[in-house]
Amino acid sequence: MQKSNRKTAPSALTISSLLSETAKQLRQPATYSKKNLATQWQRSKRVVNLMAAIQTGVGYAWHISHTSNPDNQQIIQLIQKFCKKSLKSLGIEVTALEPIPTHHALWASNHISWLDIPVVGSIVPTFFLSKAEIANWPVIGWMATTAHTLFIQRGSGDTSKISEQMSEFLSQGSPVVFFPEATTTDGTAIKRIYGNLLQSAMDSQVLIQPIVICYVNQDGELDQNIPYYGDIGLIDSVKRVLDNRPAKAYVLPLPAIDPAGKTRNEITAILQHSMVDGLARLHQQVLHAKKP
């Protein structure tokens, strides 16, 4: 993993070209007929709004990159603004069922979709942990790096080094959110929690703050168009979200875990139990049984 370093901003032409090409791909329907005109119209409107949100994010990143020693609090505020604007463009409403904690922490969330990032970022003042490949994505990689994203090289096997760098980041007062399942799911359950990166909270003596997320459709059921897992590609996943009816993202913060006096295995087990129980409680609160 590496800390974000200042990178050269892409040219205006590069940004314009990327947004134009992305918008073209997202507007392209699988089929075209009178039956899907309403869906296509909705998709087109949301694509326009999404591209506008990304342009706003580019503006934020440009501001950060041209500010000498930008303050972390200011960066987090811009991250939250960008996340909120992105979610609004996609018709996603976020509701926290309990007040979001304000203490400094290593945040841990279940992982369902790429939407989890803007959902968490819209209500939690934090930086993000991301796979290293994103750092090399055109424009988006520059935006993420400029926003002080931390990057993990998958399969590197060097978890101790990764944990040390996370601990340094946390010790400097910069909160971080990560997804301990290490993969996305269909949102129905919590997979096995991997606790290696929890060492960073132990070393820096920072609380671990778990939260759980679920996405609910207009029928009060888990929204099957949101999960991004299996063989579905990113563009296809974005199209499914663009074509989807308005959905709600519910977030439930769980009791914080104090790592003091505990082994990493003990903390991992506590986090596993907390998130499994928390997701079940979240589903019980926000899902409605189907009528016979």
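The model is predicted. Elsewhere, helices α2 and α3 pack against each other.

- Strands of a sheet pair through backbone hydrogen bonds, either parallel or antiparallel.
- β1 pairs with β7 in the parallel sense, over 5 bridges. Here Thr-95 stands opposite Tyr-250 of β7.

**Strand β3 and its partners**

- β3 runs over residues 127–131 and is mostly covered. Of its 5 residues, 4 are buried.
- With β5 (residues 176–178), β3 pairs in the parallel sense over 2 bridges. Phe-127 stands opposite Val-176 in β5.
- With β4 (residues 150–152), β3 also pairs in the parallel sense, this time over 3 bridges. Leu-129 has Leu-150 of β4 as its bridge partner.
- How does the chain get from β3 to β4? It crosses through helix α5 (residues 140–146), and this β-α-β crossover is right-handed.

**A closer look at α9**

- Helix α9 covers residues 264–286, which is 23 residues. At 1.5 Å a residue, α9 should span 33 Å. The C-alpha atoms at its ends are 32 Å apart, so the two values agree.
- Several α9 residues are buried, including Ile-267, Leu-271, Met-275, Leu-279, Leu-282 and Val-286. Gly-278 is also among the buried residues.
- The buried residues of α9 pack against β2 (105–109), α7 (199–204), β6 (207–216) and β7 (247–253).
- His-283 lies in α9. Is His-283 buried or exposed? Its relative accessibility is 13%, and the cut-off for buried is under 20%. His-283 therefore counts as buried.
- Beyond its neighbours within four places in sequence, His-283 is in contact with Gly-187, Thr-188, Cys-214 and Leu-222.

**The α2 and α3 pair**

- Helix α2 spans residues 37–65, and helix α3 spans residues 72–90. Their axes are 8 Å apart.
- The two helices pack at an angle of about 170°. That makes α2 roughly antiparallel to α3, because angles over 145 degrees count as such.
- On the α2 side, the contact residues include Arg-46, Asn-49, Leu-50, Ala-53 and Tyr-60. On the α3 side, they include Ile-75, Leu-78, Phe-82 and Lys-85.

**Leu-26 in α1**

- Leu-26 sits in helix α1 (residues 12–27). Its relative accessible area is 2%, so Leu-26 is buried.
- Leu-26 and Arg-43 are 17 residues apart along the chain. Their C-alpha atoms are separated by 8.0 Å.
- Which residues does Leu-26 touch, not counting those up to four places away in sequence? They are Arg-43, Val-47, Leu-50, Met-51, Ile-235, Val-238, Lys-239 and Leu-242.

Definitions and conventions:
Residues numbered from 1 in each chain as written. Predicted model: local features only at pLDDT ≥ 70, side-chain atom pairs only at ≥ 80, totals over all residues. Heavy atoms only, no water. Buried < 20%, exposed > 50% of the residue type's maximum accessible area, 1.4 Å probe, protein only. Pairing = 2+ DSSP bridges. Right-handed = clockwise from strand over helix to strand, strands pointing away. Expected span 1.5 Å × (residues − 1). Contact = heavy atoms within 4.5 Å. Axes fitted to C-alpha atoms, helices over the stretch in contact; angles between N-to-C directions. Parallel < 35°, antiparallel > 145°, perpendicular 65-115°, else oblique.
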